[in-house]
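Hi everyone, thanks for making time this morning.

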Amino acid sequence: MDEGGIPLLPDSLVYQIFLNLGPADVLAAGLVCHQWQAVSRDEFLWREQFYRYYQVARNVPRHPAATSWYEEFRRLYDTVPCVEVQTLEEHTDQVLHLSFSHSGYQFASCSKDCTVKIWNNDLTISLLHSADMRPYNWSYTQFSQFNQDDSLLLASGVFLGPHNSSSGEIAVISLDTFALLSRVRNKPYDVFGCWLTDTSLISGNLHRIGDITSCSVLWLNNAFQDVESENVNVVKRLFKIQNLNASTIRTVMVADCSRFDSPELLLDAGAPGAGPGRVFDLSSDSEDQAVDPGPARAKGLRRVLEGRAQPQLSECALETKAAELLAQGHTKPPERSTAAAGNKLLIFTTGCFTYSPHQIGIKQILPHQMTTAGPVLGEGRGSDAFFDALDHVIDVHGHIIGMGLSPDNSRAWPSGSVVADPMQPPPIAEEIDLLVFDLKTMREVKRALRAHRAYTPNDECFFIFLDVSRDFVASGAEDRHGYIWDRHYNICLAKLRHQDVVNSVVFSPQEQELLLTASDDATIKAWRSPRTVRVHQAPRPRPRPFFSWFASQRR
């Protein structure tokens, strides 16, 4: 401006100049004068800055809750937990899992050092309790979960049994006294286990039927078995599900549909050319309903068993077809419920072509099934209902390496791969994608998001735990980083560095600007947003001494 306050340059020219500046330079230029300040807050200017800086596709609209492009740019820049504020080194081996209490005041960690540690989540995190599980013949701890009222902690680990055979075990720990309340066997160990209600939890067991055929039994267990076992039932069978081609049920979790308007399941999947996940609705009459095998297929299976089918099948294929035939008339169909909104969904990884988990199984849990009272060991079940049918199956065409509510990780096979041998699944694609499924419609609701890379072969089992907050999704990775994405724009906002594989990430349920990451480097790192770091580091005003105020009043 000249000395009279008249602008020397028109606003349109200043706007064109600002379009060629970066966000920081635009804000700095806005401090020069009132004209530049006004132009630096222009909505069209910040829309261009937003799309260019974050590399968002132009056809993606602004977040519905955003009030302006400037504020939306600031939200993604200033509220992402990407600043490391504390490193916890109390574990002596790989840290495998993290979980927050629902209040956000505490969190738990599990590790290869065979301890479950409980932490106080203050401004400076401190260790509250450490439970050593080696006296119970555990090899390591791998998963934990707080019950809904934060009074109990479920801890899952690998149990070293007779003849060095390893299965899983679940322990329930009181958060008032840190006493061990009960222990439950869990097989295979990567079922992990989960809470169904405040005082009951789900575990698994596996029964071999043939070389590549088995059945998984899911059990409902009372958390206070030692106290109540003499008076009431403390365990009840929920479901018995057939497994084909060496597959098993793993990674069990529960979704409470009554608590969410639109609950989502996110899948982290690979292969660039893989098609959308196919959903088989096994309990409805929709177009996607699985095809009934019918008399023709049953007749073909009988011909196979009698040795008259061509071409000749391998032993594995013959066993699978025999198991399918035997299960046709011995599977209990899904129960229909008129009050589905109040029910819970049991969600787990499974498969049908190979041992690598490549499908998501979903089974509705009805209100009368949420207690250990009633028939035990499947009493009341007819002889023709030996197995339970699933309500839904989501095939993600990929090796699932992690799953979470709202997120679910999956590693996809290359496009066009065919499983000829269930014991030799196709190689896993290195590129990891994030898929999102709506649990009410059972449909994929967002396009695949290319996330990060992975390197573990498909015959080596591992699991990465991801988490979701109101606005963000976070995941670990084998490339020694944690990642944060925006849920609306599907863009990566931050990479959080560790010295080894990042196994688990978790947002504070009360504050999405706080994120914890756990790694094979035996550390837990706490990350906060730039905004909260500034707030916590801002100098507090010193209180004025009372005597100086009193003296000034006497003058």
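Let's start at serine 203. Leaving aside residues up to four places away in sequence, serine 203 touches Ile170, Val184, Arg185, Asn186, Val217, Leu218, Trp219 and Asn221. Before we go on, please keep in mind that this is a predicted model.

Where does serine 203 sit in the fold? You'll find serine 203 in strand β11, which covers residues 200–208. Is serine 203 buried or exposed? Its relative accessibility is 1%, and buried means under 20%, so serine 203 counts as buried.

With a relative accessible area of 48%, arginine 185 is partly exposed, whereas serine 203 is buried. The contacts of arginine 185, again not counting residues up to four places away in sequence, are Phe159, Ser167, Gly168, Glu169, Ser203 and Gly204. Which of these has a side chain joined to that of arginine 185 by a polar contact? That would be glutamate 169, at 3.3 Å. If you like C-alpha distances, here is one: arginine 185 and valine 158 are 27 residues apart in sequence, and their C-alpha atoms are 9.8 Å apart in space.

The peptide bond from lysine 187 to proline 188 is cis, with omega near -5°. Proline 188 itself is in the loop between β9 and β10, the latter being residues 194–195.

While we are on backbone angles, let me show you two asparagines. Asparagine 245 has a positive phi of about 55°, although it is not a glycine. Its place is the loop between β13 and β14, where β14 spans 250–256. With 10% relative accessibility, asparagine 245 counts as buried. Asparagine 490 also shows a positive phi, near 55°, and is likewise a residue other than glycine. Here the loop runs between β28 (481–486) and β29 (491–497). Asparagine 490 counts as buried too, at 15% relative accessibility.

Staying with β13 for a moment, that strand covers residues 235–243 and contains glutamine 242. Glutamine 242 is partly exposed, with a relative accessible area of 22%.

Next, the annotation. Over residues 88–120 the model has 0% helix and 58% strand, and the end C-alpha atoms lie 12 Å apart. Residues 495–527 come out at 0% helix and 70% strand, with 11 Å between the end C-alpha atoms.

Strand β30, residues 502–508, is where serine 508 lies. At 5% relative accessibility, serine 508 counts as buried. Not counting residues up to four places away in sequence, serine 508 touches Phe100, Gly104 and Leu514.

Let's turn to a pair of helices. The axes of α1 (residues 11–19) and α4 (residues 43–54) come within 10 Å and cross at roughly 10°. Angles under 35 degrees count as roughly parallel, so α1 and α4 are roughly parallel to each other. From α1, the contact is made by Tyr15, Phe18 and Leu19, and from α4 by Phe44, Leu45, Glu48, Gln49 and Arg52. Sorted by class, the contact of α1 with α4 has 5 nonpolar, 1 polar and 2 charged residues.

Finally, let's zoom out to the whole protein. How many helices and strands does it have? There are 10 helices and 32 strands. Of the 555 residues, 53% are buried. And among contacts with a separation of 6 or more, 60% are between residues 24 or more positions apart.

That's the tour, and I'm happy to go back to any stop on it.

Technical notes
Residues numbered from 1 in each chain as written. Predicted model: local features only at pLDDT ≥ 70, side-chain atom pairs only at ≥ 80, totals over all residues. Heavy atoms only, no water. Helix = DSSP H or I, 4+ residues; strand = E, 2+ residues; numbered from the N terminus. Buried < 20%, exposed > 50% of the residue type's maximum accessible area, 1.4 Å probe, protein only. Contact = heavy atoms within 4.5 Å. Axes fitted to C-alpha atoms, helices over the stretch in contact; angles between N-to-C directions. Parallel < 35°, antiparallel > 145°, perpendicular 65-115°, else oblique. Nonpolar A, V, L, I, M, F, W, Y, C, P; charged D, E, K, R; others polar. Polar contact = N/O pair within 3.5 Å; in protein donor to acceptor, adjacent residues only side chain to side chain.
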